[in-house]
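Please look over the sequence and the structure before reading on.

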Amino acid sequence: MSSGAYEDGDIQIVQLSSWIEEAAMIGARIVVGVDGSTGSRAAVRWAAAEALMRGAELRVLTAYHRPETGAATSAILHDAVTHARTVAPGVEVSCVAQAGYAVPVLLHAAEVADLLVVGCRHGGGLPGAPHGTVGNQVATHARCGVVVVRGRPDPGAGPVVAGVGDGAADGPVLGRAFEEAALHGAAVLAVTTRDRGLADSLAAWREKFPEVPAECEVADGDPGRVLVDRSRQARLVTVGPRRHGFEGVMLGVVGGRLVDHADCPVLIARP
């Protein structure tokens, strides 16, 4: 693939560097990483529906590391864009192709995205990304919110579950949970295993989003296992990254367990 852009039918495929340069002039944008796998198709389906609902631009992104794989890369992107337009007719969708390995390519795109979406991977796919690592690494290091789409194919019912109890990270998690619930006409269920004034925190968000029903639950047990259990009836689980010294953030045990085992999409919220 050469630099710049080229046409593949009615689909324009651009290099990531070109998109980064123009990103400042674009409104809300969602980026979804694809690799041709079943997991990435689920991510495209979720991202396309969200982009249409939010009035956001959708960028479909893939990585490659051998120039001779250009035809395969085009096929992956073409399939993803066609799927996105089928799921959400009218969504503004375009493609990005970038030489490199999956995780750094996705993290670079996250610098100018409002939301980064990846699928649950089961072998094959984006180069340089061993099984089970893409979602965890991207969720750990991305500068924007990250959704890992996994679990039930279409979890369109149930509450938005907010996993709280991490102190300073609770505000962004609850805020994002209420935003998502308001967007989807859903309720919020705030879950913690440590009751640290959760009712008071929830009251403040209820005032900002009076149309969103909200409940809190103080559960017994391991936080990760509790949230995985609640994910079986949720449309989305929202958690925050853990603070970790001067190195920024880390995903943490709870987030990592959700990314690996949740039965619905998982949103790692950033402040």
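Which residues does Val239 touch, not counting residues up to four places away in sequence?

## Val239 and its surroundings

The model described here is predicted. In it, Val239 touches Gly163, Val173, Leu227, Gly255, Leu258, Val266, Leu267, Ile268 and Ala269, when residues up to four places away in sequence are not counted. Val239 belongs to strand β11, which covers residues 236–239.

The relative accessibility of Val239 is 4%, and a residue counts as buried under 20%, so Val239 is buried.

## The chain as a whole

The secondary structure of the protein chain consists of nine helices and 14 strands. The chain has 271 residues, and 51% of them count as buried.

Contacts in the chain can also be viewed by sequence separation. Among contacts between residues at least 6 apart in sequence, 78% join residues at least 24 apart.

## Two helices in contact

Helix α2 spans residues 38–54 and helix α6 spans residues 170–184. The two helices pack at an angle of about 80°, and their axes are 11 Å apart. Angles of 65 to 115 degrees count as roughly perpendicular, and α2 and α6 are therefore roughly perpendicular to each other.

From α2, the residues Glu50, Met53 and Arg54 take part in the contact. They meet Arg176, Glu180, Leu183 and His184 in α6. By class, the residues of this contact divide into two nonpolar, one polar and four charged.

## Aromatic rings

How many aromatic pairs does the model contain? The count comes to three aromatic pairs. Phe178, Trp205 and Phe209 are linked by ring pairs into a cluster.

Trp205 has a further neighbour in Lys208. Lys208 lies over the face of Trp205, at 4.4 Å from the ring centre.

## Two cysteines

Is Cys144 buried or exposed? Cys144 has a relative accessibility of 5% and therefore counts as buried. Its place is the loop between α5 (134–141) and β7 (145–149). Leaving aside residues up to four places away in sequence, Cys144 touches Ala110, Ala113, Asp114, Leu115, Leu116 and Arg270. The C-alpha atoms of Cys144 and Leu107 are separated by 9.1 Å, while the two residues are 37 residues apart along the chain.

Cys216, in contrast, is partly exposed, with a relative accessible area of 38%. Cys216 is located in strand β10, made up of residues 214–218. With residues up to four places away in sequence again left out, Cys216 touches Ala190, Leu198 and Leu202. Of these, Leu202 is 14 residues from Cys216 in sequence and 7.7 Å from Cys216 in space, C-alpha to C-alpha.

## Ala63 in strand β4

Ala63 lies in strand β4, which runs over residues 57–64. Ala63 is buried, with a relative accessible area of 8%. In sequence, Ala63 and Val34 are 29 residues apart, and in space their C-alpha atoms are 8.3 Å apart.

Key. Residues numbered from 1 in each chain as written. Predicted model: local features only at pLDDT ≥ 70, side-chain atom pairs only at ≥ 80, totals over all residues. Heavy atoms only, no water. Axes fitted to C-alpha atoms, helices over the stretch in contact; angles between N-to-C directions. Helix = DSSP H or I, 4+ residues; strand = E, 2+ residues; numbered from the N terminus. Parallel < 35°, antiparallel > 145°, perpendicular 65-115°, else oblique. Contact = heavy atoms within 4.5 Å. Nonpolar A, V, L, I, M, F, W, Y, C, P; charged D, E, K, R; others polar. Phe/Tyr/Trp six-rings, centres within 6.5 Å; stacked < 30°, edge-to-face > 60°. Lys NZ or Arg CZ within 6 Å of the ring centre and 35° of its normal. Buried < 20%, exposed > 50% of the residue type's maximum accessible area, 1.4 Å probe, protein only.
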